[in-house]
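Visitor: I would like to go through this structure with you. Could we start with the terms and then look at some residues and helices?

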Amino acid sequence: MAGLELDIVALLAVVAVAAGFVDAIAGGGGMITVPALMLAGLDPVTAVATNKLQGTFGVAVATHRFARAGMIDWHGAAPFAVVAGIAAVIGALAVKVLPVALVAAAMPIFLMAIAVYFAVSRKVRDEDARARIGRLAFTFAVVAPVGFYDGLLGPGAGSFYMLGFVTLLGFGVVRATAHTKLLNFASNLGGLMLFAATGAVLWPLGLAMAAGQLVGARLGAGMALRHGARLIRPLIVAVCCLMALRLLLDGANPLGQWLRGLLL
């Protein structure tokens, strides 16, 4: 399989189980799978493209699990999903013309802010609250920009969706997670279609990892439905902190470079 030993493929499938579990609850599964794919010898573009394939299966299963539990308002959420998918494709196409490094530099700050919010806010609970804006405004204020960012860069997109659903539409944590998975699926699918058109996807490996995602995502969605905010809230805080740290440790991140210059 593209020069990979079967034991490496099996190990990556196991990694995908863990990633699918975490991603179904709090997002950030790519934080686990993309480094694993690169450690296995894939170049960055192929790793990201193959990750889109296996990750799409995971969020699809999680979305289905939440939908079966009646947590998704399809009439209201379908337009969000369409906009997220289109915005992700546009974001992916804009990679070569926009200052991605500057966007990446700002992301750790936003992710830490989200972590603090979910850690201390009393509004983060299982019960729904009153919406602060309408759905059309939410589409332009949250769905389109986050979908675009998901295609452009990606890390933390699910956390941004979650924050928007909780703070602006007043969704309870489980319901917000369910709708976040639907939008993640749409933006992942849009990105996957673009990568597939360029031939960057390693299909056999991606499908092998997708099998692991199916298991992990189903387990994670079930745990989220069972435990609600008690599980989702601390896991989101942990995932946001870890994603921020990972971005800062990236040698190409300007903010990380600046901080290392201060400390060394």
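Guide: A residue is called buried when its relative accessible area is under 20%, exposed when over 50%, and partly exposed in between, using a 1.4 Å probe and protein chains only. This is a predicted model, in which local features need pLDDT of at least 70, side-chain atom pairs count only at pLDDT 80 or more, and totals for chains, interfaces and linings use all residues. Residues are numbered from 1 along each chain as its sequence is written, and side-chain values use heavy atoms, with hydrogens and water left out.

Visitor: Is C240 buried or exposed?

Guide: C240 is buried, because its relative accessibility is 0%. C241, by contrast, counts as partly exposed, because its relative accessibility is 30%.

Visitor: How many disulfides are there?

Guide: A disulfide is a covalent bond between the sulfur atoms of two cysteines. The rule applied here asks for a pair of cysteine sulfur atoms within 2.5 Å, and by this rule the count is zero.

Visitor: Let us change topic. Where is F66?

Guide: F66 is in helix 3, which covers residues 44–68. Helices are DSSP runs of H or I with at least four residues, strands are runs of E with at least two, and both are numbered from the N terminus. F66 counts as buried because its relative accessibility is 0%.

Visitor: Which side chain makes a polar contact with N188?

Guide: The side chain of K52 does, at 3.4 Å. A polar contact is a pair of N or O atoms within 3.5 Å; within protein, one must be able to donate a hydrogen and the other to accept it, and residues adjacent in sequence count only if both atoms are side-chain atoms. N188 belongs to helix 8, residues 173–198, and N188 is buried because its relative accessible area is 12%. Apart from neighbours within four places in sequence, N188 is in contact with K52, G55, T56, V59 and D150.

Visitor: How do helix 4 and helix 8 pack?

Guide: Two packed helices are described by the angle between their axes and the distance between the axes. Helix 4, residues 74–93, packs with helix 8 at an angle of about 35°, and their axes are 8 Å apart. Axes are lines fitted to C-alpha atoms, for helices over the stretch in contact, and angles run from 0 to 180 degrees between N-to-C directions.

Visitor: Which residues make that contact?

Guide: Among them are W74, F80 and L93 of helix 4, with H179, L182 and L194 of helix 8. The residues of this contact divide into 13 nonpolar, four polar and no charged. Here Ala, Val, Leu, Ile, Met, Phe, Trp, Tyr, Cys and Pro count as nonpolar, Asp, Glu, Lys and Arg as charged, and the others, Gly among them, as polar.

Visitor: What about helix 4 and helix 6?

Guide: Their axes come within 7 Å and cross at roughly 35°. The contact of helix 4 with helix 6 has twelve nonpolar residues, five polar and one charged.

Visitor: One last topic: how many residues of helix 7 are buried?

Guide: Ten of the eleven are buried, so helix 7 is largely enclosed by the rest of the structure. These buried residues pack against several helices, including helix 1 (6–26), helix 5 (100–120) and helix 10 (229–249).

Visitor: Where does F160 belong?

Guide: F160 is in helix 7, residues 157–167, and F160 is buried because its relative accessible area is 15%. F160 and F110 are 50 residues apart in sequence, with their C-alpha atoms 8.8 Å apart in space.

Notes. Contact = heavy atoms within 4.5 Å.
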